[in-house]
Amino acid sequence: MDKTYYFDYNATTPTDPRVVDAMAPFFTEKFHNPSSFYRHAGQAFQAMEAARASVAALLHASAKEIIFTSGGTESDNLAIQGVAAKLKAKGNHLITTKIEHPAVLNTCQHLAKSGFEVTFLPVDRVGMVDPDALRQSIRPATILVSIMHANNEIGTIQPLKELIAITHEKGALFHSDAVQSTGKLPINVKDLDIDLLSFSSHKIYGPKGMGVLYVKSGVKLEPLLFGGGHERGLRSGTENVPGIIGLGKAAELAGQEMAAEEKRLRPLRDRLETEFRRIIPDIMVNGDTRQRLYNTLNLSIRFIEGEAMLGYLDQHGLALSSGSACSAKSLEPSHVLLAIGLSHEDAHGSLRISLGKYNQPADVDKLIEVLPPIVEKLRSMSPFWKKK
Amino acid sequence: MLYSEKVMEQFRSNKNYGRIDNADGIGKVGNMKCGDVMWIYLKVDDGIITDAKYETFGCVAAIATSSMAIDMIKGKRVEDALAITNKAVAEALDGLPPEKMHCSLLAEQGIKAAIEDYHQKKAAAK
């Protein structure tokens, strides 16, 4: 097995070599602390601010609305805990959904233990939030609504603009975890009129350990970290300059290349879906096939278990992921798949394919060649297959 | 997830899965909620397990422990097979990740359930 085939871009992406090149000087000759006095520090500061402007451009934001963090998880925490702490005198109610990333879900669970009430909105069979259900759950005490833009497992894209308008009508703030959509879909924070938006660098071919929280001008938060008052006092700590430069470059490249990537990847994803539906009996496609990330395909392959599929795929050098309990180190399968109403059996048999920049048509051919015999073999071993 | 080479060897091996028609004992254990279901089939001749097979819906560890359990009981006397513990199955696989130890328990339960079924069938035939 020499070549490996990577189909897990929603988990993480390789850093683009152009990003690595942009970062390199900032580890060595341009190592200076942007807060220092001398001219070199000024250069580091300017490079950092140029990167901030690139990130702002990707979101159609102003540079001063961009806060650099250590990643998507920190951005989600800062947004939710920051609003909760700032507005607790105004209200103690938060609204989110059942299909959020754990960074949002567990932050909300944590707040629920310390005096806040949290509504976890359900979703329908394809993973969509019902705007009317949101409207009905907003109370006078609601201070924040946090709903992800695109789901990491099934790719369903929420109607953010409508959900934000409903939230604002009722006087609450709106945050979105846009980790999976940023760099894949155009995002215009001005047009959305969103208050807070999180994303992560390593999902857009930037370095790991970097994230962004967009904070609309005028929205006030309490920080999580106290110190030297960096990032407008919202995120103290000497800036990760190489990381920021890398993220800036990744944002710039995403802005330039995303439309072409969509044109290239959507037909590859659609081909996988069509071929698997044709070749493999008893499969289901999870997610909203009308409003879905163009790189994501989530299948439930009935009568077999996901991790066992991953095990055989790995033998062929193919890297994918599954919503089965076994691949998640817990006994519960994916909360997202259960929330869209899948049985435990179908959730355990799920397989997620997420395509990206370095996938070629030949990779897709390889997957179409390798997966069906694996499914057949595992089904022949399953006590449920022949007796149906 | 890091599995031992023995686990991957058993997982890849084709030798032990399948069903036995007219089995003398069948053990059905596990549940769909935690994603592991194991069926063990036995052929018993004169108190000796002459053939055994498994069918498993489960992860890499569940399949590997099923296959190892079959290796461990084939050719054994029924009483000796009953004495096999989940620890022994896990050890024979050079260990399992902690969160996968429940899979080895399933193998022990599967063997016990199949032997119990064998005893019941034998008693019913008398």
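The following legends describe close-up views of a predicted model.

**View 1. The two domains of chain A.** The domain assignment divides chain A into domain 1, which covers 5-12 + 258-381, and domain 2, which covers 17-254. Their C-alpha centres are 28 Å apart. Where the two domains meet, 22 residues of domain 1 of chain A and 23 residues of domain 2 of chain A take part in the contact. On the side of domain 1 that touches domain 2, β10 (296-301) and α10 (335-339) of chain A each contribute at least two residues. The largest share of that side, four residues, belongs to α10(A). Sorted by class, the side of domain 1 that touches domain 2 holds six nonpolar, 12 polar and four charged residues.

**View 2. The open sheet of seven strands in chain A.** Seven strands of chain A make up an open sheet with mixed pairing, and their order is β2-β8-β7-β6-β5-β3-β4.

**View 3. The pairing of β2(A) with β8(A).** Four bridges join β2(A) to strand β8 (residues 211-215) of chain A, and the two strands pair in the antiparallel sense. Within this pairing, A:Phe68 has A:Val212 of β8(A) as its bridge partner.

**View 4. The packing of helices α3 and α4 in chain A.** Helix α3 (residues 72-87) and helix α4 (residues 102-112) of chain A pack with their axes 9 Å apart, at an angle of about 30°. At this angle α3(A) is therefore roughly parallel to α4(A). The two helices cross in the right-handed sense. From α3(A), the contact is made by A:Gly72, A:Thr73, A:Asp76, A:Asn77, A:Ile80, A:Gln81 and A:Ala84, and from α4(A) by A:Ala103, A:Val104, A:Thr107, A:Cys108 and A:Leu111. Six residues of the contact between α3(A) and α4(A) are nonpolar, five are polar and one is charged.

**View 5. The packing of helices α2 and α8 in chain A.** Helix α2 (residues 39-59) of chain A packs on α8(A) with the axes 8 Å apart and an angle of about 35° between them. The crossing of this pair, α2(A) and α8(A), is left-handed. Residues of α2(A) in the contact include A:Ala44, A:Ala47, A:Met48 and A:Leu58, while those of α8(A) include A:Val241, A:Ile244, A:Leu247 and A:Glu252. By class, the contact of α2(A) with α8(A) comprises 14 nonpolar residues, three polar residues and one charged residue.

View 6. An open sheet of chain A runs in the order β9-β10-β12, with antiparallel pairing. At its edges stand β9 (283-286) and β12 (350-354) of chain A, each of which pairs on one side only. From one strand to the next, the twist averages 25°. The strands β9(A) and β10(A) are joined by four bridges in the antiparallel sense, and A:Met284 is placed opposite A:Ser300 in β10(A). Helix α8 (residues 241-279) of chain A packs on this sheet and touches β9, β10 and β12 of chain A; the direction of the helix makes about 15° with that of β10(A).

**View 7. The packing of helices α8 and α12 in chain A.** The axes of α8(A) and helix α12 (residues 361-381) of chain A cross at roughly 20° and come within 10 Å. The angle therefore makes α8(A) roughly parallel to α12(A). Their crossing is right-handed. A:Leu268, A:Arg271, A:Leu272, A:Glu275 and A:Ile279 of α8(A) meet A:Pro361, A:Val364, A:Leu367, A:Ile368 and A:Pro372 of α12(A) in this contact. The contact of α8(A) with α12(A) has eight nonpolar, no polar and two charged residues.

**View 8. The contact between chain A and chain B.** Chain A gives 20 residues to the contact and chain B gives 17 residues. On the side of chain A that touches chain B, α9 (306-315) and α11 (344-348) of chain A each supply at least two residues. The largest share of this side, four residues, is that of α9(A). The side of chain A that touches chain B consists of 10 nonpolar, six polar and four charged residues.

How values were computed
Residues numbered from 1 in each chain as written. Chains lettered and ligands numbered in written order. Predicted model: local features only at pLDDT ≥ 70, side-chain atom pairs only at ≥ 80, totals over all residues. Pairing = 2+ DSSP bridges. Axes fitted to C-alpha atoms, helices over the stretch in contact; angles between N-to-C directions. Parallel < 35°, antiparallel > 145°, perpendicular 65-115°, else oblique. Left-handed = near helix turned anticlockwise from the far one by under 90°. Contact = placed C-beta atoms within 7 Å. Nonpolar A, V, L, I, M, F, W, Y, C, P; charged D, E, K, R; others polar. Domains from an automatic or database assignment.
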